[in-house]
Amino acid sequence: MKIAVLAVQGAFIEHERKLEALGVSCVELRKAEDLNQSYDGLVLPGGESTVQGKLLRELGMFDTIRKQIQEGLPVLATCAGMILLADSLEGDATVHLQTVPMVVKRNAYGRQLGSFHTEAEFKGIGEIPMTFIRAPYVLEVSDGIEVLAVVQDRIVAVRYGKQMALAFHPELDEDQRVHEEFLRMCGEK
């Protein structure tokens with residue numbers, strides 16, 4: 001199995017290490033030509049969503065990635081990745097891939113000092129560690145979205161078709177179950 005990791009900005013190396021430890025090969029997407037190879041899934045990492053969205057457009061990757069996701073390519077999106085997938089953002093007209101019908105609140109937990117770590121239930125997996133760094137959360141979901149995790153009465157993980165969007169960073173914790181679940185999703189035909 002081969003997983004593509006968006007590698008234009010953000011915490012992509014941590015995802016690659018986690019996936020490689022699970023026996024998966026990773027390819028980094030840095031320019032439009034990188035999209036010509038085949039892969040079984042895509043990781044949209046944490047980082048700065050505005051910068052990532054801008055670079056996707058400037059590097060000529062935006063339309064292809066959006067089309068791949070719309071056609072069913074499995075996606076694991078963390079933090080900024082969740083923002084990239086959101087159909088709309090609270091108080092912000094900027095939108096990116098718009099492949100998940102949800103409203104997301106950016107930087108919902110405040111600045112870097114508002115970052116925190118907790119453990120909470122993740123549907124189908126059990127209780128897992130969750131690290132939030134300047135994290136968003138989901139304000140509203142549309143029909144067809146499965147809520148996977150709630151922390152402090154806020155939706156922090158969802159699944160929509162083959163897209164899994166998380167407000168936290170599973171790549172920063174030792175637990176591998178979120179990445180294992182993503183790989184199971186990639187294996188579904």
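Is Asp34 buried or exposed? I looked it up in this predicted model. Asp34 has a relative accessibility of 12%, so I count it as buried. The cut-off for buried is under 20%.

**Asp34, surroundings.** I placed Asp34 in the loop between β2 (25–29) and β3 (41–44). I then listed its contacts, leaving out residues up to four places away in sequence. Asp34 touches Glu28, Leu29 and Tyr39.

**Helix α3.** Which residues of α3 are buried? For this helix, residues 62–70, I noted Phe62, Ile65, Gln68 and Ile69. They span an arc of only 135 degrees around the axis, so they sit on the same side of α3. I checked the face turned away from that buried side, and it carries the exposed residues Asp63 and Gln70. Just after α3 I found Gly72, with a positive phi of about 105 degrees.

**Backbone angles.** Most residues other than glycine have a negative phi. Arg134 is not a glycine, yet its phi is positive, at about 45 degrees. I found Arg134 in the loop between β8 (126–132) and β9 (137–141). Its relative accessibility is 31%, so Arg134 counts as partly exposed.

Gln152 also went into the notebook. Its phi is positive, near 55 degrees, and it is a residue other than glycine. Where does Gln152 lie? I placed it in the loop between β10 (146–151) and β11 (154–160). With a relative accessible area of 53%, Gln152 is exposed.

Notes: Residues are numbered from 1 along each chain as its sequence is written. This is a predicted model: local features need pLDDT of at least 70, side-chain atom pairs count only at pLDDT 80 or more; totals for chains, interfaces and linings use all residues. Side-chain values use heavy atoms; hydrogens and water are left out. Helices (H or I, at least four residues) and strands (E, at least two) are DSSP runs, numbered from the N terminus. Buried means under 20% relative accessible area, exposed over 50%, partly exposed in between (1.4 Å probe, protein chains only). Contact means heavy atoms within 4.5 Å. The arc is that of the directions from the helix axis to the C-beta atoms.
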